[in-house]
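Student: Please take a close look at one part of this model with me: the charged pairs. Then show me what lies around them, step by step.

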Amino acid sequence: MKFCIFAGCAVRWGVAIEIKIKIHIMTQDELFKILVAHCKEYGFIFPSSEIYDGLAAVYDYGQMGVELKNNIKRYWWEAMTRLHENIVGIDSCIFMHPKIWEASGHVGAFNDPLIDNKDSKKRYRADVLIEDYIAKLEEKVHKEVEKGRKKFGDSFDEAKFVETNPNCVRNNAKIAEVRNRMNEALNANDLAELKQIILDCEIACPISGTKNWTDVRQFNLMFSTQLGNTSDDTNVIYLRPETAQGIFVNYLNVQKTGRMKIPFGIAQIGKAFRNEIVARQFIFRMREFEQMEMQFFIKPGTELDWFAKWKENRLKWHQNLGMGDANYRFHDHEKLAHYANAATDIEFNFPFGFKELEGIHSRTDFDLGNHQKFSGKKIQYYDPETGESYTPYVIETSIGVDRMVLAVLSNSYKEEELEGGEKRVVLSIPAPLAPVKVAVLPLIKKDGLPELAQTIMDELKYDFNCQYDEKDSIGKRYRRQDAIGTPFCVTVDHDSLNDRCVTVRDRDTMKQERVSIDELPRIIGERVNLSNLLRKL
Ligand code: GAP
């Protein structure tokens with residue numbers, strides 16, 4: 001554990017002074033454990049069915065979590081449907097005709113290659129074991145580069161160093177070789193080769209430490225259930241593993257009723273379900289989760305241009321939140337999903353490293369073409385300008401709401417030491433996404449201060465999610481609001497009764513400012529209104 005000095009100060013204004021002197025630097029592992037506990041303690045995320053000992057990889061959102069999640073969804077929905085005149089939204093059902101999943105390829109190909117360790121009896125995804133092995137080699141290269149950077153200072157040439165340093169050269173060659181073998185094996189569905197890679201790389205089970213592996217087998221990730229009251233096979237339906245198919249099967253309805261002209265998009269937010277075997281890392285990989293997906297219908301042949309445009313657009317949406325541009329990177333796919341001719345992930349720097357946050361896929365006419373084939377209905381676009389009819393191509397953007405919640409929370413969590421030794425935990429959530437925007441606090445519980453505070457609250461609540469709190473010292477109340485990420489605290493004191501001014505405290509700088517009560521909606525709105533965030537896109 002280390003501390004780094006932070007030169008910050010707060011302006012005195014009657015109520016309390018807080019001076020931040022140190023930021024507690026944690027290891028990523030420490031951060032993750034503490035974050036999970038914090039999410040539970042402050043009502044963001046609870047393990048599902050907790051009083052029955054929980055249900056693996058299923059989580060519930062609490063009173064703070066649901067507000068954060070809804071704000072994220074609103075930011076996405078409005079960026080898609082309000083800022084683009086040619087994108088509209090729908091809300092399709094989780095249950096869909098079972099043939100849809102045959103047409104989409106999910107019945108045949110939505111599989112994970114699984115392998116068991118015979119000693120620990122633990123089950124793993126074979127490709128994840130190999131990816132973890134590659135990640136370890138990448139970490140070794142990274143460490144070597146950092147050593148070089150320290151040694152050579154300003155004259156350090158990273159590209160040359162990586163090309164010539166023997167450890168980097170050896171590890172990078174190994175990474176390329178293993179990755180190639182894995183991609184080829186996955187593309188060819190060669191399960192024996194996947195096992196051979198695990199044996200050749202001498203990958204051991206993290207639990208038992210042994211290399212005593214079973215063969216690799218395929219496992220379908222869809223959950224099934226029965227429709228109606230008989231249980232024969234003809235009534236089997238699936239819980240959707242992605243929301244995208246609800247968009248494809250409504251393509252004609254929306255295009256016709258909305259008189260949409262290509263290019264146009266359909267957006268949807270909703271639940272998806274996957275029987276994930278390696279369900280871990282808190283809300284990163286869940287069995288029930290939520291997706292925000294947009295299918296953009298285009299003319300065949302224009303897909304690579306649109307793919308590049310949507311890559312840029314989506315990265316900007318993320319960076320606009322101000323969580324640090326260096327925390328995002330693209331990862332272009334070498335192994336393409338069964339429906340894609342180009343694909344990339346936007347990866348985020350989670351506490352457990354860079355991992356997929358959003359996928360952008362060029363899905364060609366795979367889905368519409370197959371639904372045409374399986375349903376026997378013509379699914380085409382008639383271009384009134386050229387007189388041609390064709391099956392549109394599709395660019396898809398697909399992001400998990402829960403992963404976005406995790407990205408925001410892990411990026412926001414900070415522990416700071418204040419002058420005098422007091423500690424504060426603060427969630428510096430981007431203000432428009434914060435669950436509570438403003439806390440209204442009477443300095444004491446008498447002398448008419450609660451009544452004035454309540455009047456202020458009653459005025460602000462129409463525009464902002466507010467909390468009223470009169471319990472405990474003002475310092476403790478600030479700490480409670482910091483811990484849930486409230487951007488503003490408004491304190492009502494005795495002077496407020498005469499001058500109609502209050503003290504506004506900023507969550508991040510802890511600066512306090514005396515302002516007129518009438519100015520509050522403008523001051524708070526400038527920072528927290530979603531429209532201002534959208535305007536920057
Ligand atoms: N329609 C395309 C599709 O579903 P995907 O890459 O499988 O593509 C898209 O999923 C996004 O959904 C991912 O980038 C991730 O954010 C989220 N996601 C996928 N599986 C998830 C899971 N088990 N738990 C939480 N989020 C998940």
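Tutor: Start with a term. A residue is buried if its relative accessible area is under 20%, exposed if over 50%, and partly exposed in between. Keep in mind that this is a predicted model.

Apply that to a first pair. Glu158 has a relative accessible area of 39%, so Glu158 is partly exposed. Its partner is Arg149: the two form a salt bridge, and their closest N and O atoms are 3.0 Å apart. Arg149 is partly exposed too, because its relative accessible area is 34%. What lets such a pair form? Side chains of opposite charge can pair when their charged atoms come close. The structure holds 41 salt bridges, so we will pick out a few.

Now go to Arg181. Arg181 has a salt bridge with Glu193, with 2.8 Å between the closest N and O atoms. This pair links distant parts of the chain. Arg181 sits in helix H7, residues 166–187, and Glu193 in helix H8, residues 191–200. The two residues are 12 apart. Arg181 has 21% relative accessibility, so it counts as partly exposed. Glu193 has 22%, so Glu193 is partly exposed as well.

Arg181 has another partner. The side chains of Asp200 and Arg181 meet in a salt bridge, at 3.0 Å from N to O. Asp200 lies in H8 and Arg181 in H7, so this pair ties together parts that are 19 residues apart in sequence. Asp200 is partly exposed, because its relative accessible area is 39%.

Take helix H2, residues 63–81, and helix H13, residues 401–412. Their axes are 10 Å apart, at an angle of about 110 degrees. That angle makes H2 roughly perpendicular to H13. The crossing of the two is right-handed. From H2, the contact uses Leu68, Lys69, Ile72 and Lys73. From H13 come Val401, Asp402, Met404, Val405, Val408 and Leu409. Sort the contact of H2 with H13 by class, and you get 7 nonpolar, no polar and 3 charged residues.

H2 has a contact with helix H11, residues 303–319, as well. Here the axes come within 12 Å and cross at roughly 145 degrees. The crossing of H2 and H11 is right-handed. H2 brings Ile72, Tyr75, Trp76, Ala79 and Met80, while H11 brings Trp310, Arg314 and Trp317. The H2–H11 contact divides into 7 nonpolar, no polar and 1 charged.

Finish with one more arginine. Arg274 is in the loop between strand S11, 264–273, and strand S12, 288–298. Arg274 has 18% relative accessibility, so it counts as buried. What touches it? Leave aside its neighbours within four places in sequence, and Arg274 is in contact with Phe110, Leu221, Phe223, Pro241, Glu242, Met286, Arg287, Phe289 and Gln291. As for Ser516, its C-alpha atom is separated from that of Arg274 by 52 Å, and the two residues are 242 apart along the chain.

Conventions
Residues are numbered from 1 along each chain as its sequence is written. This is a predicted model: local features need pLDDT of at least 70, side-chain atom pairs count only at pLDDT 80 or more; totals for chains, interfaces and linings use all residues. Side-chain values use heavy atoms; hydrogens and water are left out. Axes are lines fitted to C-alpha atoms, for helices over the stretch in contact, and angles run from 0 to 180 degrees between N-to-C directions. Helices (H or I, at least four residues) and strands (E, at least two) are DSSP runs, numbered from the N terminus. Angles under 35 degrees count as roughly parallel, over 145 as roughly antiparallel, 65 to 115 as roughly perpendicular and the rest as oblique. A crossing is left-handed if the near helix is turned anticlockwise from the far one by less than a right angle, and right-handed if clockwise. Contact means heavy atoms within 4.5 Å. Ala, Val, Leu, Ile, Met, Phe, Trp, Tyr, Cys and Pro count as nonpolar, Asp, Glu, Lys and Arg as charged, and the others, Gly among them, as polar. A salt bridge is a side-chain nitrogen of Lys or Arg within 4 Å of a carboxyl oxygen of Asp or Glu. Buried means under 20% relative accessible area, exposed over 50%, partly exposed in between (1.4 Å probe, protein chains only).
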